[in-house]
Number of protein chains: 2
Amino acid sequence: MFDPSQLAALAAILRHGSFERAAFALGVTQSAISQRMRALEEQVGTPLIIRAQPCEATEAGRRLFQHSEELRLLEQDVRRDLGLLGAMAPRATDWPTLRLAVNADSLATWFVPAMASIDQVLFDLVIDDQDHSADWLRRGEVRAAISSMSEPVRGCDCVALGRLRYLATASPAFRARWFADGVVSVETLSDAPALTFNAKDDLQRRWADMAVGHGVTLRSHWLASSTAFVEAALCGMGWGMNPVQLIADALAEGRLEELVPDLPLDVPLYWHVSRSVKRQLAPVTDLVVAHAGKVLLPL
Amino acid sequence: MFDPSQLAALAAILRHGSFERAAFALGVTQSAISQRMRALEEQVGTPLIIRAQPCEATEAGRRLFQHSEELRLLEQDVRRDLGLLGAMAPRATDWPTLRLAVNADSLATWFVPAMASIDQVLFDLVIDDQDHSADWLRRGEVRAAISSMSEPVRGCDCVALGRLRYLATASPAFRARWFADGVVSVETLSDAPALTFNAKDDLQRRWADMAVGHGVTLRSHWLASSTAFVEAALCGMGWGMNPVQLIADALAEGRLEELVPDLPLDVPLYWHVSRSVKRQLAPVTDLVVAHAGKVLLPL
């Protein structure tokens, strides 16, 4: 068995990025952290941490980090079976941390209430594009992920959550300036500034292909924030694909308009969960699926 | 002189992450992109791009990318001086792209209207912690940055923007559960789940030091989104340092409460701009300073 305090030191270094912050987080001295890491690395016989700013895990370090998180979840499972949860109202210091990959738009539209409904777990979110969040699971860096990918990752199960609906939207002034008479064509779309979340975001390009066929060369602002994306559209900086949940009021009040009425783009979302902790995460899975069902369109 | 179409190919590859997407963005074939990059690398005599997923710049590539952005800004400056801007309403395809580092909370509170007030520029935002955004400028990867650092980066100028005020806040139910009778002490703070943006975010720890002195070991959820941070506080997941601008309504309506009344934490913010494009960015600097002045507290 690995020493739990050594595993906790490893997890804290990786989560906080430095020995100093890890020491602070665990309430021990920095030399205690160093000693624990040295002991753990001697036992494993290989470096676990790349001492950079921030500290990063070696492949072996990543595997042990994963193991330490799973241990916490397994222990919570035992506590639950023994009736020790809830009744004892354990301190937050005993809660396991669950590392998840989630797409930014899920986080902005429905995922926070889902997390909030799950007690006695600390969440550590990795935010990435829905087309790439499953990569984190494949690399073993998270225990579960929300992804647009429908095929299960190796060693993982996959449950459908629903479709997140996007509308190509802009402010009335922006439409008047760049899409005179509402004409959406290869020419107007190539000329009007678009909004793009980041290099992984191809929703604007996909919608443009849908609307006018191939051949559009988008010029774009780049801003990786779901709410800033909506605000940038409201302020007339560009047009972008916004989740309906974030723009319902603005649409109803006429502050945003669809570029082409009734041409939504739906992104399917799936919950992927590692089989090694599937049983422990069953209550989490149930609540995530239930919350998604309230907000997303059925798949 | 470098060939502008070769520089454009380099910039597109770095911005979009792959040769394929760069070709798509520029409306040329992928082999045209490859040829341009080969020609540019032959001319410079060193690799400019690390062909990975996503493609990354070598040091020389980063320098040339910076050069290509500066060229665009200089050209726009000439157009402005010649009276060719505005009057001609140039197509967005002629707009320069301005790469900036901005902290997430500025983006969530005041920076979008500032950007929207600046016409004929495409923004490419790098979002990072206010204590680390200046690093991007130091590495030459952005032309300007919003940072909490008051000393100018080498080769850059620095203007004060104001103070962003944060309040330690949580929902009433959360306070009742974790801070019975409102007692904020080393014990209650060590026990109650906190919210942390990411490993670089030390606002919660700094506030805890201010409130009860050293010795608090925070247990935390990790979620790197300003608005999800507020929503997580509203939903009772944890307490966190939230910018006053994002929580004014929730505070007024009693959906959020301060953990300790009248104990704000103010973060000073500065606009750093590279001197190589200082003149070209003067109108941007003026508008950013003016917008910040409307929302931030004076420094």
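1. How many salt bridges are counted between chain A and chain B? The count is 2, where a salt bridge is a side-chain nitrogen of Lys or Arg within 4 Å of a carboxyl oxygen of Asp or Glu. One pairs Arg177(A) with Asp119(B), with 3.2 Å between the closest N and O atoms.

2. This is a predicted model, in which local features need pLDDT of at least 70 and side-chain atom pairs count only at pLDDT 80 or more, while totals for chains, interfaces and linings use all residues. Residues are numbered from 1 along each chain as its sequence is written, chains are lettered from A in the order in which they are written, and side-chain values use heavy atoms, leaving out hydrogens and water.

3. Chain A contributes 51 residues to the contact and chain B 52 residues, contact meaning heavy atoms within 4.5 Å. The area buried between the two chains (accessible area, 1.4 Å probe, lost on putting them together and summed over both) is about 4,400 Å², with 60% from carbon and sulfur atoms. In chain A, the residues losing the most area to chain B are Phe24(A), Arg219(A) and Trp222(A), which together account for 17% of what that side buries.

4. As for domains, whose bounds come from an automatic or database assignment, chain A is assigned domain 1 (1-89) and domain 2 (164-267). The centres of these two domains of chain A, taken over C-alpha atoms, are 44 Å apart.

5. An unreviewed UniProt entry places the feature "domain: HTH lysR-type" at residues 2-58 of chain A, and such annotations may be inferred rather than shown by experiment.
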